[in-house]
Each structure stands twice: as structure tokens, then as C-alpha cells.
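Dear colleague,

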Amino acid sequence: MLNLIIKDIIIQKKTFLYAFILAVVASTNFMNPGPNGFILYVFSPIFINYMFINLALSYDDKNKSEIALNSLPIKRNDLVIAKYISIFVFAAIGIIYSIVIGFIGKIVGLSMFTTTITLNNVVTILTCACIYNSILFPIYFKLGIMKTQIITVVLFFLIMIAFSNQNKIVDQKFIQFVNSSTLTLNSLALIASLIFFVISLIISVYIYNNKQF
Amino acid sequence: MDNILEIKDLTKSYKNFTLDNLAFNIPRGSVMGFIGPNGSGKSTTIKLIMNLIKRDSGDINVFGLDNLKHNKEIKQKIGFVYDENYFYEELNIMEMRNILRPFYKNWDDNVFEQYIKDFELPKKNKIKSFSKGMKIKLSLALALCHNAELIIMDEPTSGLDPVFRSELLDILYNIIQDDNVSILFSTHITTDLEKIADYITFINKGKLVFTKTKDEIVENYGLVKGSKELLDNDTRQEFISIKESNFGFEALTKDIIKARNIFKDNCIIEKASLEDIMVYTVRGNV
């Protein structure tokens, strides 16, 4: 299982660089870091997670690697479970990047880096990553990357519209919610999303075990 | 002699195609040529053996074990070479090796290195810069370096030039000197098999035509060429199929000795190649 996660990392070494650049740009130029460093400590780890997972799926699809992977001595269940575990690995990478960038920013003395990451931020990141990927994976295992990406783009635009200037209210409410909600509340959300994660995993295992290549 | 692969009553239906009660065995240490025209069900059979698709009914035993129940165990000892390559093309050989190596218990780096050297493959170039022949060589190196006892090859020579095909066959010829390794070699380029195969399984439209030793085929099948006067209702019965033209006929028989007795010196009788057998069987009378 670990080998499969390492595989997803080896095939996209460049993503490490892109993700880092993205996190730096997003937190320094793109917009202000938001109250309590929302962009740096919540948005960019979630986006980095999205990037790694999507690119891993794209590389598998581009090279039709599922056929080779399923010809190797690997259980189908393990292929699915590894994808789900990789959510946490890639979230961890995003979190580590944020901490490093925040730390460097503070040392350098840039004005926007005033805060440090909180446990609350970590809980929010894990919740969002769990929910998003728990929706994504069953669709991917059932329909393949093309249709999954179309759905991803639609979701992305819906979120963008919700957060666009015309919809300042949603934007602010969300950020307010993220920042004001207590650790207890967020932890409950995380527990709910983990339950969702397990249900999604069971569905994906079922889909993948019946898949024909 | 024990069988390394046993297929019994294997059936798989699609909307427009059915693999129908297929059965054949591969004895340990032998090379099975698996022939048939495009769309005859060769790839479907291989996908069923590799558990990439689900069978409707029948049995597949590899190394005496059911291929569904013992999927992981069996694949430890199978090497595969497909007609398309499923590598991560952005990577180089060594990165690809690093990905695959941990999955095999008996991976041997020295053997892998030796093959890469013998096949003259560049270690540092991205796989996407390789020619098709080089990719097949890489597949073969990966298939051979973990002590596989069964090598499954699905159309490895399709789209390759004759020089490379001949080189590949030489490589395979060396591999089969090891009596522990068996090969299932699917192809529609039947000349590839005349040199290396011990057995031939021929399928057409999802149905088994025959599964025999190559010697049996070479000794018994014949091509008869003569004038049309020789053809009557009785002699026609002797042939699998007949090609008639204004000048005469050419026909395939599966009993060359009987044909010699019937036609004596009135026509030309020669041994049939695998290609003749496939073409005449698939095409029918014309």
C-alpha cells in the first residue's frame, strides 16, 4: 500500500515545486492572506491536496496505468485504499509547506505573515480534503478521469461563483465561519467527514472490484 | 508433465462478441503460440487470465491455482508484455524500476541491469522518447527480472519491423532454454511462432479451432494445388476450405498423407504454414 502512495509521489516529483510556488504566490501576491492567514493556512493546503490527487489520477489515466497496476501482484482493494490514504499524505505536504512559508515569512519580516497555523486550521483542511476527495474518488473509479475532471471543473466554477465579488456575502460568511467556528465545532465536522470518507471508500472498493479493463 | 496454465470451458460474453467455451493447457517449460485474426478473442482471453475482466463461467488455473482466488500469489510469478505500453512515460527506466520493484518478492536487480545492458536501453532518457521496439524490450526486461515462471505476451511484435521482430525472437529463444519458464505468446503474425512455439492454440470468432503441438500441425496440415477437375463431392470433403479460380484450386487439408494417397501425382501438395492454416480456416471457401 505504501508502495502505491510512493508511486503517486514518484510520478509527479515536479508537482512539489509547483505546489510550493503556488503556496508562496497565493500567500504573498494573489490576495491578502485573509484574516488569520486563511489563504496561507487553509486555502493553499487544500488546493495543494487537490493538485497532487488530480495529477496522480491524470498520470495514471494518461498512461493507462490501471492495466499495468492490475497486472502486478496487488489486490484491487489495496489500489483503492492507497488512493484514500494518499489524501492525508498530500494534505500533510500542503500543511508542511504552509508552516515553512509562514515561518520564513515571519523571519524575513513580511507584514502579511503575522499568524501561525492553528489546530483549527488543520482540522478545517482535513475536513475539506476528506469531503472533496470522497466525492471525487467514487466518480473517478466509476467514470474515469475525463468525466471526473468535467465534474471537478463544474464544482470549481460553482465555488468560484459563490466566492466571487458579486457574492461577497458567501465569501465573507465562509471565511467568518472558518475563522470563528470553534475547534469543537470543526472537530465535529471532521468526524462527520471521516464517516463520509469511510462510506465513500466502501463504495469505491465495490466499484473498483467490479471494474473491467 | 504438469500444466502451468489450464483453461476450461472459459466463457465471456459482450454485446457483439462471445468467447465460447475456450479450453487449452500450457505444459510447464513450453511456448504456446496463441493465434487468431484480429478480434478473435486473444486479448480477451489474456485479460481473463490476468484478471483484468471477469469471466462469465469456466475455470482458469495458473500454477494449479484458481486465478481469482489466488490473484496476488499467481501474479508474483507472471511476467507480462502487452502490445501497448503502460509505463509512466515521463519517467526513466530506473524510476520505473523503483516503482515496480517493491511489488515483487523475487525481484533481482542484477538480472534487470543485465537485460537493460543487453538490450542497450538508455537508463536516463524518459520512456516517452523510446521507440516501440525499445518499450517492448523494457517490458520484457521488467517481465523477466522477478523469476517469473509464466510470461504472457499479447501481440508483442505487432507494429514492429522484421529486424526487431527477429531480434525479439532470438531473445525469447534464449529465455526458453530455461525449462522452468513457459510462454503464452499471442500474435496474428504467425511466422513469429514457427521458430519458437512448441504448441499452437488457434481461435477464431471466440471459438477454439484447435490446440495442438506444432509438430502435429507441421506434419499433418497440407496445401493442395491442382486443376479443378480433381474436385468432386468426395474430394471436397477432404478440405477445410478451398480457394477456386479460373486456373485451378488451392485447398487446405488437415491430413496431408490421405491427400497424397487420393491425389497421387496429379497435383502439388506441400506443407502448410501457420499463416496458410489461419487464412484458409478463417476465410472459408472462396
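Chain B has 11 helices and 14 strands, where helices (H or I, at least four residues) and strands (E, at least two) are DSSP runs numbered from the N terminus. This is a predicted model, in which local features need pLDDT of at least 70 and side-chain atom pairs count only at pLDDT 80 or more, while totals for chains, interfaces and linings use all residues. Residues are numbered from 1 along each chain as its sequence is written, and chains are lettered from A and ligands numbered from 1 in the order in which they are written.

The C-alpha trace of chain B spans about 65 × 40 × 40 Å along its principal axes. Of its 286 residues, 39% count as buried, a residue being buried if 20 or more other C-beta atoms, placed from the backbone, lie within 10 Å of its own, exposed if 12 or fewer do, and partly exposed in between.

The domain assignment divides chain B into domain 1 (3-212) and domain 2 (221-283), with bounds that come from an automatic or database domain assignment. The C-alpha centres of these two domains of chain B lie 35 Å apart. Their contact takes 10 residues from domain 1 and five residues from domain 2, two residues being in contact if their C-beta atoms, placed from the backbone, lie within 7 Å. On the domain 1 side, helix H7 (191-196) and strand E9 (199-204) of chain B each supply at least two residues.

An open sheet of four strands in chain B has the order E12-E13-E11-E14, with antiparallel pairing; two strands pair if DSSP finds at least two bridges between them. Strand E12 (239-245) and strand E14 (268-271) of chain B stand at the edges with a single partner strand each, so one side of each is left without a neighbour in the sheet. From one strand to the next, the twist averages 15°. E12(B) and E13(B) are joined by six bridges and run antiparallel, and a hairpin connects E12(B) to E13(B) through two residues. Within this pair, Ile242(B) stands opposite Ala251(B) in E13(B). Four bridges join strand E11 (residues 222-226) of chain B to E14(B), and here Leu223(B) stands opposite Glu270(B).

Helix H10 (residues 256-263) of chain B lies across E11, strand E13 (248-253) and E14 of chain B, running at about 20° to E11(B); axes are lines fitted to C-alpha atoms, for helices over the stretch in contact, and angles run from 0 to 180 degrees between N-to-C directions.

How many residues does each chain give to the contact between chain A and chain B? Chain B gives 22 residues and chain A gives 18 residues. The largest share of the chain B side, three residues, comes from H3(B). By class, the chain B side has 12 nonpolar, two polar and eight charged residues, where Ala, Val, Leu, Ile, Met, Phe, Trp, Tyr, Cys and Pro count as nonpolar, Asp, Glu, Lys and Arg as charged, and the others, Gly among them, as polar.

In chain A, the axes of helix H5 (residues 76-108) and helix H9 (residues 183-209) come within 9 Å and cross at roughly 145°. Among the residues that meet in this pair are Leu79(A) and Tyr84(A) in H5(A), and Phe197(A) and Leu201(A) in H9(A).

With best wishes
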